[in-house]
Amino acid sequence: MTEHGGAAQGGTEDAAAIAGRERMSEQVVRTGAFGTGTTGDTSGYGGLRVRQPPPLSSEPPYGSYFDEVTGALAGALEQSGPGFGDAIERVVAANGELTFYVRREHLVEVARKLRDDPALAFEMCLGVSGVHYPAEAGSELHGVYHLLSISRNRRLRLEVTAPDADPHIPSLVDVYPTCDWHERETWDFFGLVFDGHPALTRIEMPDDWKGHPQRKDYPLGGIPVEYRGATIPPPDERRSYA
């Protein structure tokens with residue numbers, strides 16, 4: 001390293017410096033500790049710039065049983081299917097968990113392989129949940145499936161994305177019937193449309209409810225709360241520091 005830490009000996013730039021420069025080139029998605037757009041941030045971190053993190057991706061070997069599961073799925077897809085690279089966008093092994101990011105057009109086929117292949121045997125889907133990332137242009141909505149292999153005591157997560165402009169992903173009810181009510185709840189709260197679902201109707205909110213209340217762009221709304229004579233206004237009417 002030079003005395004200023006800019007480059008290693010021989011003119012080769014330090015890998016940490018390259019990584020730092022690439023990180024600083026990412027889009028700024030929030031300023032300050034609370035995301036206010038003016039000088040109203042009272043945290044002392046008004047100059048903070050929070051940047052869009054790059055997509056996580058892991059390289060093999062992944063550890064634990066993760067390499068065996070990945071290899072078995074790759075083999076099953078190569079035998080009959082789109083191929084592992086076409087069906088799976090990326091693999092993330094982190095915090096003791098394995099996640100396959102699946103392209104939505106191949107979700108059903110990947111799920112069938114995971115259920116039916118004897119080397120995989122993920123017999124049960126434990127649930128479906130939604131996530132909304134407004135800053136991820138083109139993939140704002142995520143559907144997340146948690147799979148369990150009872151016979152092998154293994155767990156796996158599938159994640160699939162869809163844009164706000166086309167919030168459709170295939171239903172997995174034909175593969176995992178337990179997804180029925182979970183997909184209804186995810187549609188109810190996040191607006192993900194599960195194509196092929198036998199009865200995609202609201203399950204938590206009233207049938208005539210407008211919008212999907214767990215999306216991050218959904219208005220807070222609320223009602224005043226009375227407490228010992230004081231009235232606290234609903235969230236969207238409280239004092240703003242902006």
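Visitor: Which residues touch the most other members of the largest nonpolar core?

Guide: F100, L114 and Y145 do, in a core of 37 residues. Helix α2 gives the most to this core, with five residues. A word on the source: this is a predicted model, where local features need pLDDT of at least 70 and side-chain atom pairs count only at pLDDT 80 or more, while totals for chains, interfaces and linings use all residues. Residues are numbered from 1 along each chain as its sequence is written, and side-chain values use heavy atoms, with hydrogens and water left out.

Visitor: What makes a group of residues a nonpolar core?

Guide: Its members are buried Ala, Val, Leu, Ile, Met, Phe, Trp, Tyr and Cys residues joined through side-chain atoms within 4.5 Å. Buried means under 20% relative accessible area, exposed over 50%, and partly exposed in between, using a 1.4 Å probe and protein chains only. Across the chain, buried residues make up 35% of the 242 residues.

Visitor: Which residues does L114 touch?

Guide: Leaving out residues up to four places away in sequence, L114 touches L73, L120, A121, F122, L147, L156, L158 and Y176. Contact here means heavy atoms within 4.5 Å.

Visitor: Why is E237 called exposed?

Guide: E237 has 57% relative accessibility, so it counts as exposed, the cut-off being over 50%. You will find E237 in the segment after β11 (230-232). In sequence E237 and G221 are 16 residues apart, and in space 8.3 Å, C-alpha to C-alpha.

Visitor: What makes a stretch of chain a helix or a strand?

Guide: Both are DSSP runs numbered from the N terminus: helices are H or I with at least four residues, strands are E with at least two. The chain has five helices and 11 strands.

Visitor: How many strands form the open sheet, and in what order?

Guide: Five strands do, in the order β3-β4-β7-β6-β5, with mixed pairing. The edge strands are β3 (88-94) and β5 (124-132), each pairing on one side only. From one strand to the next, the twist averages 20°.

Visitor: How do you know that β4 and β7 pair?

Guide: Two strands pair if DSSP finds at least two bridges between them. Three bridges join β4 to β7, so these strands meet the cut-off; they run parallel. F100 stands opposite L158 in β7. Nine bridges join β6 to β7, which run antiparallel, and there V160 in β7 is the bridge partner of G143. β5 and β6 (residues 141-149) are also antiparallel, with eight bridges, and V128 stands opposite Y145 in β6.

Visitor: How does the span of α5 (residues 179-190) compare with the expected span?

Guide: The expected span is 1.5 Å times one less than the number of residues. With 12 residues, α5 reaches 16 Å from its first C-alpha to its last, close to the 16 Å expected. α5 lies across β5 and β6, running at about 5° to β5. Axes are lines fitted to C-alpha atoms, for helices over the stretch in contact, and angles run from 0 to 180 degrees between N-to-C directions. Buried residues of α5 include W187 and F189, and their cover includes β5, β6 and β9 (193-195). After α5 comes G191, whose phi is positive, near 85°.
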